[in-house]
Amino acid sequence: MTEPRWSVRCNDPFGRDRALMVLVEDGRVVLVPPPGAAAVLSAQQARGLGLMLDQAAVRAQDRRAG
């Protein structure tokens, strides 16, 4: 089964479009930063990231329990 993954659009410090990846692997939430290891999020993007992290945490907890 493919592990769940999400991405939130963001920008790097130079204003270029990037994405921050959120995935669940072995019952853990993994954040994969964009190249350059920096992400600049708007308030709306940060809220979206928060929602994705909540979803990923639920999935990770389910996998640990299962």
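**Strand pairing, helix packing and core**

In the hairpin that strands E2 and E3 form, two residues lie between the strands, and Asp-26 takes a positive phi near 55 degrees. Strands here are DSSP runs of E with at least two residues, helices are runs of H or I with at least four, and both are numbered from the N terminus; two strands count as paired if DSSP finds at least two bridges between them. The structure is a predicted model, in which local features need pLDDT of at least 70 and side-chain atom pairs count only at pLDDT 80 or more, while totals for chains, interfaces and linings use all residues. Residues are numbered from 1 along each chain as its sequence is written, and side-chain values use heavy atoms, with hydrogens and water left out.

**Overall layout**

- The chain holds one helix and three strands, and these follow one another along the sequence in the pattern β-β-β-α.
- Of the 66 residues, 24% count as buried, where buried means under 20% relative accessible area, exposed means over 50%, and partly exposed lies in between (1.4 Å probe, protein chains only).
- The accessible surface of the chain comes to about 4,600 Å², and 53% of that surface belongs to carbon and sulfur atoms; the areas come from the Shrake-Rupley method with a 1.4 Å probe, and for residues only the protein chains shown count as cover.
- When contacts (heavy atoms within 4.5 Å) between residues at least 6 apart in sequence are taken together, 48% of them join residues at least 24 apart.

**Strands and hairpins**

- E1 and E2 run antiparallel and are joined by seven bridges; they form a hairpin with five residues between them, in whose turn Gly-15 has a positive phi of about 90 degrees.
- E2 also pairs with E3 (residues 28-32), in the antiparallel sense and over five bridges, with Glu-25 having Arg-28 as its bridge partner in E3.
- Leu-23 is the bridge partner of Arg-5 in E2, and Leu-23 stands opposite Val-30 in E3.
- Arg-5 belongs to strand E1 and counts as exposed, because its relative accessibility is 54%.
- Leaving aside neighbours within four places in sequence, Arg-5 is in contact with Met-21, Val-22 and Leu-23, whereas the C-alpha atoms of Arg-5 and Leu-31, which are 26 residues apart along the chain, are separated by 9.9 Å.

**Helix and core**

- H1 has 23 residues and reaches 33 Å from its first C-alpha to its last, close to the 33 Å expected at 1.5 Å a residue, the expected span being 1.5 Å times one less than the number of residues.
- Gln-45, Leu-49, Met-52, Ala-56 and Ala-60 are buried in H1, and the buried residues of this helix pack against E1, E2 and E3.
- The largest nonpolar core has nine residues, namely Trp-6, Val-8, Leu-20, Val-22, Val-24, Leu-49, Met-52, Ala-56 and Ala-60. The elements that give two or more residues to this core are strand E1 (5-11), strand E2 (17-25) and helix H1 (43-65), and H1 supplies the largest share, four residues.
- A nonpolar core is a set of buried Ala, Val, Leu, Ile, Met, Phe, Trp, Tyr and Cys residues joined through side-chain atoms within 4.5 Å; in soluble globular proteins, nonpolar side chains tend to be buried together.
- Beyond its neighbours within four places in sequence, Val-8 is in contact with Arg-18, Ala-19, Leu-20, Gln-45, Leu-49 and Met-52.

**Salt bridges**

- The count comes to two salt bridges, under the rule that a side-chain nitrogen of Lys or Arg lies within 4 Å of a carboxyl oxygen of Asp or Glu.
- Arg-16 forms one with Asp-12, the closest N and O atoms being 2.6 Å apart; Arg-16 is partly exposed, with a relative accessible area of 43%, whereas Asp-12 is buried, with a relative accessible area of 4%.
- Asp-12 also meets Arg-18 in a salt bridge, at 3.6 Å from N to O, and Arg-18 counts as partly exposed because its relative accessible area is 26%. Through salt bridges that share partners, Asp-12, Arg-16 and Arg-18 are joined into one network.
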